[in-house]
Amino acid sequence: MKNIPYYELNHDKADSVEFFRANNSDTKPHFHRCIEILYITGGSVACRVNEESFSCEKDEIMFVHKCGVHSLVPTPHYADFVIIIGPRYSSDFASIFQTKTLPAHLADKAFNRTLLPHFKALNRQKNAPDLVKKGYINIIIGSLLDHYERMPVTPTPNIGTIVAALNYIDDHYREPLSLERLSAVFGYNKYYFSRLFNTYIGESLNGYINAVRVRNLVSEAKKMENPNLSELVFAHGFDSMTTFYRNFSKYYDRPPTEVFQER
């Protein structure tokens, strides 16, 4: 699909620490209100955080401040440790990150290797008590803040409104949605709301809504034995087959029947 940033609601709802190993994940642009850290353990990956693009190699770290739009593309293979830190687990350093953040690309390999045992310990102790996991996270974050130069945080006013709007779209995308409806729900002038949405997401409101519809339709169709396209189209909020095909073709260069067969 076209690289429209999407909001990962599941991470923010969980408000936990997620720690896992990943391999060759081709991750589309997305954001959430959690801090995310990737420690590359092998290979290389093309990273993008907001407007910054760089390559991460073994023993380098990608750091993503909350609400940072980020994506990953293997070049051609990589493996990593991933930590996603919910707000409840970042209380000890939350005040620091209100005004300062770390560079997206943390490239001091020798220093980063001193932190690798803590990543490995988290991997071994996924079911450890919360206090233990929080201790390892505090060591990692504290060490990074002490070693790397801090940068000013780019203000994100109205981010709460945008996140609420994205949540609303996720909950109601099967229904008729419009700029008029969304701006009324959130109490904004429709022209201001349109500009605000486009500034954060880089896509018009209608374009984003239809991208969500296409993404969810394709995901549902791939789980079905013999998906009925017309039923899926109208069940996912499209008002006509023409509207569906026009939006589907923005993201895929093959017919729906071929895309649905991918697993």
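## Terms and model

A residue counts as buried when its relative accessible area is under 20%, and as partly exposed when the value lies between that limit and 50%. The model described here is predicted. A salt bridge places a side-chain nitrogen of Lys or Arg within 4 Å of a carboxyl oxygen of Asp or Glu, and the count by this rule is 11 salt bridges.

## A bridge between distant parts of the chain

D59 and R113 form a salt bridge through their side chains, with an N to O distance of 3.1 Å. D59 lies in the loop between β5 (52–57) and β6 (61–64), while R113 belongs to helix α3 (residues 109–124); the two are 54 residues apart, and the pair links distant parts of the chain.

D59 has a relative accessible area of 5%, so this residue is buried. R113 is partly exposed, because its relative accessibility is 42%.

With a relative accessible area of 14%, K133 is buried. D130 is partly exposed, at 37% relative accessibility.

## A network of bridges

A salt bridge joins E262 and R254, whose closest N and O atoms are 2.3 Å apart. E262 is partly exposed at 29% relative accessibility, and R254 is partly exposed at 30%.

E262 and R254 also belong to a network of salt bridges that includes K222 and D253.

Technical notes:
Residues are numbered from 1 along each chain as its sequence is written. This is a predicted model: local features need pLDDT of at least 70, side-chain atom pairs count only at pLDDT 80 or more; totals for chains, interfaces and linings use all residues. Side-chain values use heavy atoms; hydrogens and water are left out. Helices (H or I, at least four residues) and strands (E, at least two) are DSSP runs, numbered from the N terminus. Buried means under 20% relative accessible area, exposed over 50%, partly exposed in between (1.4 Å probe, protein chains only).
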